[in-house]
Each structure stands twice: as structure tokens, then as C-alpha cells.
Amino acid sequence: CSATDENEDIASNKIFPITWTFDDGLDDLLNIDKLLDEIGGIKFRFFISPYLIEDKNRKNTKFLESRLKTKTSPLLSWDQIGYLVESGHILGLHGYDHTEFNFMNNDQIIKDFELSNELLKKRLSIKTKSFAFPFGRLDVKERLLENEKIIVSRKFFSRVYLSDNRLPTFGYKGIYNRRHAEFDNSISINILKGFIQKFKNLNLE
């Protein structure tokens, strides 16, 4: 179902229903948008790192792979992100330049949030209440909700997302753990990719 706040809150401690979220802002989201619209107008939540979306960076494959630490397709443009938001999808932030938060102190994290919000407002004139940690995981020794990085994040965003398969699915006090399925190894995601490829082929025909 659509990744609205209400639907996510209902689903946060259950296996079903599934809501869709996507990190990094790959341009494949335009195809996923068309597919999910065709099968029921389903909307997703997606997270971007604003600095990577800038024109000088978003098609620089070597730079993106150095930041994302994986091979990647081009990222969405600001105009395309604006289109997805206008279509009803929910935009969140994912770190200014996708730096791993485990390597940042609180002052650096605050600066990262300030730069992210500033660039998002400059490009799209909007603000978001959603944030997902780059790489999804935090090095947590204390209880998760007492982690300083979580506490700092909650001062800027009312909804904070992890993607950590070490943790049970949960949604508590604005902290959400997504049962994370990578594109490369999830059966359900591969089925979706198959539908997307079929959708592309139909468009080409």
C-alpha cells in the first residue's frame, strides 16, 4: 500500500501490508512510479542526498559510486524529483552527500542537516519531515532510542528511518526500521524489477 504516515504506522510492527520506500534517488523511480500507478495508484516514500542531485554530480558515475559505495545508475534531476512529489510521492532526506553517520560527530550531523534542508528549500521550496540514515545502520551499543545520533535526528525530523535487518520491524516515537530488501537479492524486489522491465519493453514497442 502507499507509504503514507498512517499506513506506515499501521504496518510498522507487522509483516503485511508492505509499504514502499527507496533510498538514493535513482532515476529508476520514474519507472517504478508508472508501474505502481498502473497497479493501483500506490505512492512511495523516497530519500535523496541533495548534494548528489546537483547537476555537476548526479551523472558523474565515479563520484556517485564513491559516495554510495556501490555501482549505480544515474540519479534523478531536481525537476524529476519535483514531478514525483507533485504526483503524490513523499520525499525525505538521506544525508547531504551520503556520508556514513557512524563516522560523524553531533556537530557534523547538525551541519549536515542544515545543509540538506537549505539545498532542498533552494531547489524545490519545500521542507520534509522524513530522514533515512545513509547505509541504514548505526553502530549502536546503548539502547537504540537512546543513541545520540537518533536523538539529534529527531530534533530535525519527526520521522527517522533505519534499514537494519539486525533489528525487528518497529515504529516507535518517530523511529522506523524498514525490513530492508536490496534490489540484488530480494525475491519480491526481483519480481518487481521484472515487471518494470516488461513495462519498459511495452513502452518501447
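How many helices and strands does the secondary structure of the chain come to?

**Overview of the chain.** In this predicted model, the secondary structure of the chain comes to 9 helices and 7 strands. The chain has 205 residues, of which buried residues make up 45%. Where contacts join residues at least 6 apart in sequence, 66% of them are between residues at least 24 apart.

**View 1. A tilted pair of phenylalanine rings, Phe101 and Phe113.** The structure holds 16 aromatic pairs. In the pair shown here, the ring centres of phenylalanine 101 and phenylalanine 113 are 5.7 Å apart and the ring planes stand at 40 degrees, so the pair is classed as tilted. Phenylalanine 101 lies in the loop between β3 (90-93) and α7 (106-124), whereas phenylalanine 113 belongs to helix α7, and the pair links these parts of the chain across 12 residues. Phenylalanine 101 counts as buried because its relative accessibility is 1%, and phenylalanine 113 likewise counts as buried, at 1% relative accessibility.

View 2. Phenylalanine 131 and phenylalanine 133 form an aromatic pair with 5.0 Å from centre to centre and 75 degrees between the planes, an arrangement that is edge-to-face. Both phenylalanine 131 and phenylalanine 133 are buried.

**View 3. A lysine over an aromatic ring.** The charged end of lysine 69 sits over the ring of phenylalanine 135, at 5.0 Å from the centre of that ring.

**View 4. Helix α2 and its covered residues.** Helix α2, which spans residues 29-38, is mostly covered, with 7 of its 10 residues buried. These buried residues are Leu29, Leu30, Asn31, Ile32, Asp33, Leu35 and Leu36. Just after α2, glycine 40 takes a positive phi of about 145 degrees.

**View 5. Helix α2 against helix α6.** Two packed helices are described by the angle between their axes and by the distance between those axes. The axes of α2 and of helix α6 (residues 78-86) come within 11 Å and cross at roughly 20 degrees. Because angles under 35 degrees count as roughly parallel, this crossing makes α2 roughly parallel to α6. The contact is made by Leu29, Leu30 and Asp33 on the side of α2, and by Gln80, Tyr83 and Leu84 on the side of α6. The crossing in which α2 passes α6 is left-handed. The three contact residues of α2, Leu29, Leu30 and Asp33, are also listed among the buried residues of that helix.

**View 6. Helix α6 against helix α7.** The axes of α6 and α7 come within 10 Å and cross at roughly 85 degrees, which means that α6 is roughly perpendicular to α7. Here Trp78, Ile81 and Gly82 in α6 meet Leu119, Leu120, Arg123 and Leu124 in α7.

**View 7. Lysine 173 in the loop between β6 and β7.** Lysine 173 has its place in the loop between β6 (170-172) and β7 (175-177). With a relative accessible area of 59%, lysine 173 is exposed. The C-alpha atom of lysine 173 is separated by 8.7 Å from that of leucine 145, although the two residues are 28 residues apart along the chain.

Conventions:
Residues are numbered from 1 along each chain as its sequence is written. This is a predicted model: local features need pLDDT of at least 70, side-chain atom pairs count only at pLDDT 80 or more; totals for chains, interfaces and linings use all residues. Side-chain values use heavy atoms; hydrogens and water are left out. Rings of Phe, Tyr and Trp (its six-membered ring) pair if their centres lie within 6.5 Å; planes under 30 degrees apart count as stacked, over 60 as edge-to-face and the rest as tilted. Helices (H or I, at least four residues) and strands (E, at least two) are DSSP runs, numbered from the N terminus. Buried means under 20% relative accessible area, exposed over 50%, partly exposed in between (1.4 Å probe, protein chains only). A charge sits over a ring if NZ of Lys or CZ of Arg is within 6 Å of the ring centre and within 35 degrees of the ring normal. Axes are lines fitted to C-alpha atoms, for helices over the stretch in contact, and angles run from 0 to 180 degrees between N-to-C directions. Angles under 35 degrees count as roughly parallel, over 145 as roughly antiparallel, 65 to 115 as roughly perpendicular and the rest as oblique. A crossing is left-handed if the near helix is turned anticlockwise from the far one by less than a right angle, and right-handed if clockwise. Contact means heavy atoms within 4.5 Å.
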